[in-house]
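User: I'm new to this one. Can you walk me through it?

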Amino acid sequence: MTAILTGTRHRTAHALLTARGFEAADEHTLVLARIDHEEPYWAKKAAQALTAEGITTEITPRLREAIDEEWTGANYPMPWCTREEIREVSNEAQKIYDDIRRGRLVIHAHADDSGTTVAVGTYREGKSIYLHGENHLRQIADTFDAPAQALAAFERLHGDTMRPGAAPMTDTEHQTAEARTTLGAPAAAKPEQPAQRTETVPAYAADPGDHEALLNHFLESQGEWEKYRTWDDNTTIASHESLTLRALFDHDAESRDTKWTIAAYESPVSGRLWHATATATTPVQIVRTLLNALASGDAWGSGPATSVFETTIAEATRPLADAGWKGTIDGRWIRWEAAGGEAAGVLFDAFAAQKPHSLLPTWTVWGGNAADRPTWAIQLSPKTPAELLHDITFELAHGQGVRHALPVPTRPAAQTHQPMLIRAPTVRSTPGR
């Protein structure tokens with residue numbers, strides 16, 4: 001749903017619309033897209049607020065029909081609630097969703113609770129919270145004074161299914177995000193497909209590349225590694241002949257799903273020393289560096305890996321400092337972010353570093369978007385060898401890769417969608433003025 005501003009008093013109209021969930025698409029267009037599908041209701045509230053300020057609005061017939069239509073909330077599990085009570089609950093869920101999307105609420109971990117998604121997170125300037133549900137049903141189920149307290153309680157309740165970071169976007173969240181970007185942007189009629197161009201970019205901004213080919217090349221070039229197929233045809237295991245290093249490859253993983261799972265052991269029958277995961281969107285140059293470090297005697301060492309100390313952190317992140325990446329301390333986290341225009345970074349969690357058996361990652365190497373919802377990520381446990389981390393950060397800071405991109409269209413596009421809330425504001429004339 002869109003609102004088109006005309007006339008004068010843009011600042012007042014813009015403020016009133018954004019207070020009711022609209023977001024600016026350009027100088028004269030605002031977009032409203034909600035996970036609870038209550039756009040008509042909030043558009044009506046916005047129009048009433050504009051009218052109260054003496055700003056004339058014109059509502060399209062299509063939107064007027066939607067506003068006047070009586071309906072009940074879809075898939076709402078509380079039939080005893082009134083329509084207004086349902087709106088109150090779903091609006092609170094919308095606020096939580098917006099806080100996560102805008103980075104005000106950082107999600108530390110998520111889990112599956114009998115088919116329902118639960119999560120734990122912390123507001124950047126406030127409390128930690130325990131979340132239950134998805135989309136318009138997401139609610140704050142508990143609050144905590146500190147992240148450590150919240151994570152300990154969350155791990156106690158959901159340790160078996162707990163996973164680091166935010167849960168993958170739901171279909172509703174994908175649709176809402178797409179609506180925000182497409183409603184406000186005009187589309188061209190029968191656009192010509194521009195030729196694809198290739199550009200050289202930092203390794204962390206490169207395309208994912210062919211992970212299948214990387215796995216095959218690694219196994220062919222490393223005589224000490226053997227390939228095993230499990231009972232699941234979608235999984236391949238690469239194992240070192242010492243049986244102390246393993247790499248599990250998920251052939252079906254896509255997007256932010258885990259593609260690679262690395263594990264190291266002191267002996268074939270001992271517990272796991274350290275482990276790492278990489279998403280399917282991680283550039284192959286960086287995964288190749290990780291695999292080469294596994295195959296290198298210097299990276300693995302001859303004994304059990306040590307815990308994280310200041311010397312480990314300094315050694316692991318020296319390439320970032322040499323490349324001018326800025327390091328900052330934010331509570332329990334130390335962050336290093338790329339010096340260039342592309343988003344990337346390394347995140348060290350001091351809390352997780354003190355808990356070697358926790359599922360929370362100590363190191364997160366990421367690229368694209370933001371640290372709490374990156375385009376790709378590699379996550380590593382507390383006892384990951386400093387030499388291996390050094391190799392990864394060196395590739396991150398100094399490596400280059402290839403990215404395929406489409407050129408920006410040069411001719412203006414023609415508008416094809418019909419705004420539902422249009423032409424606001426225009427100053428209402430008043431006799432005597």
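Analyst: One term to begin with: buried means under 20% relative accessible area, exposed over 50% and partly exposed in between, with a 1.4 Å probe and protein chains only. This is a predicted model, where local features need pLDDT of at least 70, side-chain atom pairs count only at pLDDT 80 or more, and totals for chains, interfaces and linings use all residues. Residues are numbered from 1 along each chain as its sequence is written, and side-chain values use heavy atoms, with hydrogens and water left out.

User: Is Arg 332 buried or exposed?
Analyst: Arg 332 counts as buried because its relative accessible area is 14%.

User: Where does Arg 332 sit?
Analyst: Arg 332 is in the loop between strand S16 (326–330) and strand S17 (333–337). Helices (H or I, at least four residues) and strands (E, at least two) are DSSP runs, numbered from the N terminus.

User: Which residues is Arg 332 in contact with?
Analyst: Contact means heavy atoms within 4.5 Å. Leaving aside neighbours within four places in sequence, Arg 332 is in contact with Pro 147, Leu 151, Phe 348, Asp 349, Ala 350, Phe 351, Ala 352 and Leu 360.

User: What joins the side chains of Arg 332 and Asp 349?
Analyst: A polar contact of 2.5 Å. That term covers a pair of N or O atoms within 3.5 Å; within protein, one must be able to donate a hydrogen and the other to accept it, and residues adjacent in sequence count only if both atoms are side-chain atoms. The C-alpha atoms of Arg 332 and Asp 349 are separated by 5.9 Å, and the two residues are 17 residues apart along the chain.

User: New topic. Where is Thr 170 found?
Analyst: Thr 170 is in the loop between strand S9 (163–164) and helix H6 (171–183). Thr 170 is buried, with a relative accessible area of 12%.

User: And what does Thr 170 touch?
Analyst: Not counting residues up to four places away in sequence, Thr 170 touches Glu 134 and Asn 135.

User: On to sheets. In what order do the five strands of the open sheet come?
Analyst: The order is S8-S7-S6-S5-S9, with antiparallel pairing. Two strands pair if DSSP finds at least two bridges between them.

User: Which strands stand at the edges?
Analyst: Strand S8 (139–144) and S9 do. Each has a single partner strand, so one side of each has no neighbour in the sheet.

User: How many bridges join S5 to S6?
Analyst: Eight bridges join strand S5 (residues 105–113) to strand S6 (residues 116–123). Ala 109 is opposite Val 120 in S6.

User: How many bridges join S15 to S20?
Analyst: Three, and strand S15 (residues 272–279) runs antiparallel to S20. There, Thr 277 stands opposite Gln 379 in S20.
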